[in-house]
Amino acid sequence: MVNLKKQGWKRITLTSVITILLLAILFFLFNNKNESESNQVHKETTKFPEPIAAWKFDEGSGAITQEQQSKQKNQIYYVFNHAKQKPSSDPLWRKGVSGPALLFDGYSTWISSDAPKFHIPKGSLTLEAWVAPRAYEWGQDGKLSSIVSYHNRPIHQGFHLGMFRHGSWSFQMGNGNEWFEVWADKQHKLPKNEWSHIVAVFDQQKNEVVIYRNGEIAGRKEVPPNTSMVPADHELRIGKNNEPAKISEVFDASMFNGLIDEVKIYDRPLQQHEITQIFNNQKEQGLADPKPELAWDRSRYEGDRHRPQYHFTSPEHWMNEPHAPLYFNGQYHLFYQFNPAGPYWGGIHWGHAVSDDLVHWRDLPIALAPEEGAVDPDGSWSGSAVVDDVGIPTLFFTAGNDSMSPNQMTGLARSTFMKDKNNDLVQWEKLSEPVTVQENGIQTEKGKVWYGQFRDPFVFKSGDKWVQLVSSGIKKGEEPIGGTALVYTSEDLVNWKYEHPLMIGDVKKSPKTGHVWELPVLLPIGKNNEGEEKHVFLINPWFNGPSEHAVKHVWYWIGTWDSNNYQFIPDHEEPRLLDVGEHFTGPSGMIDEKGRAVVFSITQDNRTEENRYKAGWAHNAGLPIVLSLRENNRLGVQPIPELKKLRETKLFTLEEPATIESVNEQIKDIKGDMLEIEVELEQKEAEKAGIFLRRSPNGEEETMLYYDFLEQTLNVNREKSSLAHDVGKGIQGGKVKLDDNVLRLHIYLDHSMIESYANNIKSLTTRVYPTREDALGLKLFSEGNIEVKKLNIWKMGSAFTNQ
């Protein structure tokens with residue numbers, strides 16, 4: 001029998017439970033919504049204290065930025081505000097964390113502000129900034145690369161926020177008697193190419209200084225009770241140290257390189273939750289990737305009358321020798337010694353560019369940089385590149401480590417392209433240990449290997465082994481005997497065995513070849529008439545002290561490579577000059593996919609440091625050349641034929657042989673500073689013949705390139721090349737014996753660059769810096785009777801138009 005009373009109770013109970021559950025869900029949703037709205041309102045209405053000083057960098061143009069509280073207009077110092085060698089241009093404004101930001105170039109950009117106008121407190125304070133470093137300084141004199149500098153450290157005044165080696169950073173302050181430093185822990189270093197929100201808090205009540213990165217505590221230091229910060233007797237600077245280290249009389253170090261945005265000073269200590277909220281608020285609004293904003297920018301130099309356009313240059317700042325050329329997967333890679341801090345030597349990295357044709361180049365990110373804990377904390381210096389036995393591109397570099405003696409050794413880095421599938425080879429992994437370290441006390445038949453001179457590894461495959469040549473010298477006691485290249489062999493590129501010197505120079509007999517042979521290069525150049533394979537051995541002389549011959553020449557020997565004994569047997573004792581000018585140095589080379597011996601070089605600019613500062617760049621590469629073996633065991637020297645791709649317009653062709661007077665009349669209206677010229681001059685009775693380049697209408701400025709048929713020399717006369725007094729001039733040249741009485745000159749004119757090749761057997765490279773804007777003309781000349789057999793002139797295009 002059914003109990004209706006009990007069944008009804010069950011129905012009522014079930015209904016009640018469902019009702020209660022529904023009410024609970026609605027209550028939860030309502031409360032959660034109110035709590036969310038309340039939190040949002042709280043977030044939107046949270047008021048942070050007003051800063052006593054703030055630089056928001058919202059101008060986005062011009063050379064003035066306004067401090068928001070005092071309204072003072074602060075000068076942005078920048079090398080091209082009032083440019084000397086190009087049209088003036090604004091400082092480098094970029095996209096920041098909130099509106100525009102300022103890109104500090106590492107050597108000329110900084111801001112000066114009158115600190116007393118915003119009443120910096122002696123007690124508690126907070127300093128805040130957003131920064132994205134592009135490169136780290138080496139750390140000259142142990143000084144910070146300043147983000148905000150308001151200090152006089154010798155007398156313990158003011159405060160200082162800055163970055164140091166390898167991304168370490170610090171906040172420092174003085175109380176008039178002591179100097180306090182708090183450093184970020186290693187896990188809170190400032191990474192390159194990323195935004196970091198950094199905050200320094202001096203809390204007088206808590207007797208501590210705390211620094212933060214991205215809302216987290218990065219470092220902490222206790223200070224004595226009742227500590228006060230004593231204001232400094234200096235201006236406040238952003239981007240430059242009040243007391244910078246000196247690179248020279250011209251260049252200051254201790255400057256920030258990268259983006260700075262939203263700099264603020266508060267007169268109270270911000271708490272961690274406030275600092276975290278500032279960071280999170282900006283993060284939620286979005287932090288744009290700063291990498292595009294930090295990219296090196298060739299457009300900075302638009303309109304520079306002296307900067308080459310179809311010769312390879314670093315995108316900015318300093319470069320010296322291009323090196324480690326490599327052909328891989330259809331592309332040519334070129335690396336070069338690069339200082340991202342400015343147009344001076346120091347803090348050397350490996351710059352990197354890639355090309356499809358050896359002519360047009362595309363800039364890539366820095367390949368190798370000095371790293372803490374790696375083999376090269378103090379410099380990634382010159383080397384070479386190979387593709388290893390399993391097809392991995394591999395770099396050999398001179399690893400600089402000043403904590404070791406000697407401080408030079410060979411490091412190895414391998415491409416990660418197999419993992420990242422990037423044919424541009426932008427990522428490299430270094431081995432943690434050097435692969436070659438110089439031994440002390442190595443004896444040779446002529447003396448002892450110079451301990452401490454050990455650099456510029458050049459690696460190639462010979463038979464079933466790898467061979468490494470390393471730059472060094474030989475000494476007898478303290479007396480230098482001559483340069484050498486030390487030979488090492490390996491089966492795996494990692495474990496190397498010392499063999500012997502390749503050959504040893506004689507600095508007494510050939511003083512121009514120097515005490516140490518830098519940048520040794522050994523390349524096959526073809527077979528002679530007897531079918532013997534010949535090699536060319538190139539060296540760059542280094543001198544232990546001042547020398548009139550320094551940084552001017554490359555010397556070579558032609559000979560035979562003995563692959564069984566790893567010996568080079570020269571065919572001639574006397575060294576030969578590759579280029580008869582005084583600017584062709586720093587050789588590097590490769591055998592390309594066509595089997596050609598292709599050589600790169602650095603063309604020294606020979607400018608004063610002041611002129612480099614004003615220009616913002618230093619040096620450039622010479623054009624790639626092909627070396628070959630000619631008749632009579634002579635070296636063939638030719639520019640690569642791919643340079644024809646740079647021709648834009650043919651300006652002139654000589655239809656038939658003519659006199660110089662006739663040709664000069666025909667070319668009188670041709671002007672240019674980016675030209676290619678082919679000219680053939682047949683000697684009749686002339687003693688000298690050649691061409692004036694970069695000539696002003698009346699010859700006030702002109703450079704004379706000529707051949708002396710009596711002396712058999714190719715020469716350049718730069719006595720009138722410039723009206724300026726602080727540029728190199730004089731007459732340079734050297735022996736070039738022609739096979740007949742026809743001079744065949746192939747000339748490349750690229751702003752300050754002049755490269756000329758005579759009869760494909762010798763080159764002359766020089767630099768000229770005309771001051772007149774109309775110094776663009778050409779004119780042939782001769783002393784005596786000459787016939788112009790051929791003349792072609794092209795206007796050339798830029799090597800970087802494809803970027």
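Colleague: How much space lies in the second largest pocket?
Modeller: The model is predicted, so local features need pLDDT of at least 70 and side-chain atom pairs pLDDT 80 or more, while totals for chains, interfaces and linings use all residues. A pocket is an open set of points on a 1 Å grid over the protein atoms alone, where a 1.4 Å probe fits, with protein on both sides within 12 Å along at least five of seven lines. Points are joined across faces, edges and corners, and a volume is the space filled by probe spheres set on them. For the second largest pocket, that comes to about 670 Å³.

Colleague: Which residues lining the second largest pocket are the closest to its centre?
Modeller: Lining residues have an atom within 4 Å of a grid point. Residues are numbered from 1 along each chain as its sequence is written, and side-chain values use heavy atoms, without hydrogens and water. Of the 29 residues in this lining, the closest to the centre are N320, E321, W345, E518 and W542.

Colleague: How do the residues of that lining divide into nonpolar, polar and charged?
Modeller: Ala, Val, Leu, Ile, Met, Phe, Trp, Tyr, Cys and Pro count as nonpolar, Asp, Glu, Lys and Arg as charged, and the others, Gly among them, as polar. Strands are DSSP runs of E of at least two residues and helices are runs of H or I of at least four, numbered from the N terminus; β17 (317–328), β21 (379–387), β27 (455–462), β31 (516–527), β32 (533–542) and β36 (584–591) each supply at least two residues. The lining of the second largest pocket divides into 10 nonpolar, 14 polar and 5 charged.

Colleague: Which element gives the most to the lining of the largest pocket?
Modeller: The largest pocket holds about 880 Å³ of space. Its lining has 24 residues, and K192, N193, P365, I366 and Q427 are the closest to the centre. Two or more lining residues come from each of α3 (291–294), β20 (361–368) and β24 (428–430). With 6 residues, the element that gives the most is β20.

Colleague: Is strand β18 largely enclosed or left open by the rest of the structure?
Modeller: Buried means under 20% relative accessible area, exposed over 50% and partly exposed in between, with a 1.4 Å probe and protein chains only. Q331, H333, F335, Q337 and N339 point one way from β18, Y332, L334, Y336 and F338 point the other way, and all are buried. Since 9 of the 9 residues of β18 (331–339) are buried, the strand is largely enclosed.

Colleague: Which residue in the hairpin of β17 and β18 takes a positive phi?
Modeller: The hairpin has 2 residues between the strands. The residue there with a positive phi, near 50°, is N329.

Colleague: Which strands stand at the edges of the open sheet of 5 strands?
Modeller: The order is β47-β46-β45-β44-β51, with antiparallel pairing. β44 (688–695) and β51 are joined by 6 bridges, and R695 has G777 of β51 as its bridge partner. An edge strand has a single partner, so one side is left without a neighbour in the sheet; here the edges are β47 (731–735) and β51 (777–783).

Colleague: How far does α2 reach from its first C-alpha to its last?
Modeller: The expected span is 1.5 Å times one less than the number of residues. Just after α2, G286 takes a positive phi of about 110°. The expected span is 20 Å, and the helix reaches a value close to it, 20 Å.

Colleague: What separation is there between the C-alpha atoms of D579 and S756?
Modeller: D579 is found in the loop between β35 (576–577) and β36. At 1% relative accessibility, D579 counts as buried. D579 and S756 are 177 residues apart along the chain, but their C-alpha atoms are separated by 9.6 Å.

Colleague: What share of the protein chain do buried residues make up?
Modeller: The secondary structure of the chain comes to 6 helices and 52 strands. Its C-alpha atoms fill a box of roughly 130 × 70 × 70 Å along the principal axes. Of the 803 residues, the buried ones make up 60%.

Definitions and conventions:
Two strands pair if DSSP finds at least two bridges between them.
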